[in-house]
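Colleague: I have a few questions before I set up my calculations. Could you take me through the structure?

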Amino acid sequence: MAFTGTTRKVTAHLTQNEALSFEKSAPGKKGYKLAPLDVPEADASALLGDSVRSNEPMLPELSEIEIIRHFTRLSTWNYAIDLGMYPLGSCTMKYNPRVNEFVSRLEGIAEAHPYQPEALSQGLLEIIKLLQDCLLDITGMHAITLQPAAGAHGEFTGILLARAWHESKGNPRKTILIPDSAHGTNPATAASCGYQIINLKSNEQGGVDVAALAEIVNEDTAAMMLTNPSTIGVFEHEIHKIADVLHAKGALLYMDGANMNALVGKTRPGDFGVDVMHLNLHKTFSTPHGGGGPGSGPVACKDFLEPFLPTPVLAQGPDGLLHWNYDRPQSVGRVRMLYGNFGMFVRALAYILANGPDGLRQTTEDAVLNANYIRKKLEDVYELPYPTASMHEVVFSDKRQVKNRVKTGDIAKRLIDYGFHPYTTSFPLIVPGALMIEPTESESREELDLFIDAMRQIAREAEENPELVTSAPHSTRISRLDETTAARKPVLRWHKPVVRWKTPGPNDPVEIGTPAKEW
Ligand SMILES: *Cc1c(COP(=O)(O)O)cnc(C)c1O
């Protein structure tokens, strides 16, 4: 209570400052100062013709400190891996080491121009080469492209390779097999590449039923897309047999490598029969993830798919210099123009080199240990739908809490009150009311214990005071949104508020989907 006065003052102060940048705008305010023009003024319309706009854009006019405070304040309303554990299953939200940031900001790297001549880009090309070699070593594959900008983009590229290979043999084939535990991007990829999807039911262990698979694979099967470990966090022990069944019918095995954080340094997809796969550098290899920043989804393949890789590919000439080779008649073409995400390559390479082979193996072991620690400490209060041993993530269900009408989404929202980002809710789809928890290796024993305490406390609340959980979060600026309307009718444009300087209290509902009449 002693702090009430101070808190009030801070709140009042924030209320004034929380105004959006448009509301604070006043004509003539500036965040920059330019030197007077000392060259003749150019005639813009002579240069650009009709493209020159005649009216002024309606942009807020603010001083530098106002705009800095605006964005810094917005950043504090968010959650970040730099604030605490981010156990979003399947997303591998690991810490982004600061040494990665340091090297990616070095001048020759950060200021490089995409059209810089190859002769002046040898160091940059060397970074690409070294990263490619490391990733090939880690995956046991033969050739690789760094073009795809995300995991989903990598899937698309990988299935294009499979299609091109089948076409080169005279028949693109018709179907792609996908287990029912797969990430939604897998069927989306298969459909985008012109294939029909055949859904495979998982067995009681959460894996592929090899006997059932053998009955389904035929001369129409182009490939199977498999996530290993699966989204249940279970390693596919019969992966070799799965590969054999597919290969016997001329079909390919695509591996969704989003869960490579459970395998790096322990086993290699290239050694267990995978033909083509993608990696998510923004998951497994510690580059920043989320917030709309660039991702990176390299695709690695076996030798026989190499001729189809996106053009250009990196090559080394007889002079020892690296260059881009465009002479690729069988290539699927480009899947992107420029490497705007080059900084991600630098960060991933820094992560790989800083850890070294032993460090990467240790990382994998720690990630698996952390997930199993959480599993052991929570399995008496949350239902485990699959008893199979967990790898880097553990999936519970809300079966016990649903009796009190508390669902996975409620538990996740209550977790926010305890200072944690929610886990992944309601995925994978084969587990009704899934709680998918992936701690990654970044977390200390102390942080894991805090998380476990919070989860146990919420389980108790679900028994004793379910209302508290189903109405959470209680500590955030904005509580529950109407999630459907927020997704279907998002308000993406600023609306002039009628009443200024009034901020909603933590319990005031903020309607998303209708123009904000009041703040
Ligand atoms: C994250 C993820 C993807 C998609 O990767 P993006 O980089 O988000 O496009 C695909 N499959 C699985 C299993 C994933 O977890």
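**Sheets, ligand and backbone**

Modeller: Helix α12, residues 342-378, lies across β10 and β12 and runs at about 25° to β10. Please bear in mind that this is a predicted model.

Colleague: Understood. In what order do the strands of that sheet come?

Modeller: The order is β10-β12-β11, in an open sheet of three strands with antiparallel pairing. Since β10 (394-397) and β11 (424-425) stand at the edges with a single partner strand each, one side of each has no neighbour in the sheet.

Colleague: How many bridges hold β11 to β12?

Modeller: Two bridges pair β11 with β12, which covers residues 434-437, in the antiparallel sense. Threonine 425 has leucine 435 of β12 as its bridge partner.

Colleague: What about the loop between β11 and β12?

Modeller: That loop contains proline 428. The peptide bond leading from phenylalanine 427 into proline 428 is cis, with omega near 0°.

Colleague: Which other residues are joined by a cis peptide bond?

Modeller: Alanine 472 and proline 473 are joined by one, with omega about 5°. Proline 473 belongs to the loop between α16 (466-470) and α17 (483-488). As background, most peptide bonds are trans, and most residues other than glycine have a negative phi.

Colleague: On that subject, what is the phi of threonine 92?

Modeller: Threonine 92 has a positive phi of about 45°, although it is not a glycine. Threonine 92 sits in the loop between α4 (64-76) and α5 (98-104).

Colleague: Let us move to the ligand. How many residues surround it, and which are closest?

Modeller: The ligand is surrounded by 13 residues, of which Ser90, Gly151, Asp256, His282 and Lys283 are the closest. By class, the shell holds three nonpolar, seven polar and three charged residues.

Colleague: Which helix gives the most to that shell?

Modeller: Helix α8, residues 151-168, gives the most, with three residues.

Colleague: And what lies within polar reach of the ligand oxygens?

Modeller: A backbone N or O atom of glycine 151 is 2.7 Å from an oxygen atom of the ligand. From side chains, an N or O atom of lysine 283 is 2.8 Å from a ligand oxygen, and a polar atom of asparagine 280 is 3.0 Å from a ligand oxygen. On its own the ligand has 380 Å² of accessible area, and the protein covers 87% of this.

Colleague: You mentioned α8. Which strands does it lie across?

Modeller: Helix α8 lies across β1, β2, β4 (221-227), β5 (252-256), β6 (276-278) and β7 (299-301), and it runs at about 175° to β5. Helix α9, residues 185-192, also packs on the sheet, touching β2, β3, β4 and β5. The direction of α9 makes about 180° with that of β2.

Colleague: What is the strand order there, and what is the pairing?

Modeller: Seven strands form an open sheet with mixed pairing, in the order β1-β7-β6-β5-β4-β2-β3. The edges are β1 (143-145) and β3 (196-200); each has a single partner strand, so one side of each is left without a neighbour in the sheet. On average, neighbouring strands are turned by 20° against each other, direction ignored.

Colleague: Finally, do β2 and β3 run parallel or antiparallel?

Modeller: They run parallel, and five bridges join β2, residues 175-179, to β3. Threonine 175 stands opposite glutamine 196 of β3.

Key: Residues are numbered from 1 along each chain as its sequence is written. This is a predicted model: local features need pLDDT of at least 70, side-chain atom pairs count only at pLDDT 80 or more; totals for chains, interfaces and linings use all residues. Side-chain values use heavy atoms; hydrogens and water are left out. Two strands pair if DSSP finds at least two bridges between them. Helices (H or I, at least four residues) and strands (E, at least two) are DSSP runs, numbered from the N terminus. Contact means heavy atoms within 4.5 Å. Axes are lines fitted to C-alpha atoms, for helices over the stretch in contact, and angles run from 0 to 180 degrees between N-to-C directions. A residue is near a molecule or strand if one of its heavy atoms lies within 4 Å of it. A polar contact is a pair of N or O atoms within 3.5 Å; within protein, one must be able to donate a hydrogen and the other to accept it, and residues adjacent in sequence count only if both atoms are side-chain atoms. Accessible areas come from the Shrake-Rupley method with a 1.4 Å probe; for residues, only the protein chains shown count as cover. Ala, Val, Leu, Ile, Met, Phe, Trp, Tyr, Cys and Pro count as nonpolar, Asp, Glu, Lys and Arg as charged, and the others, Gly among them, as polar.
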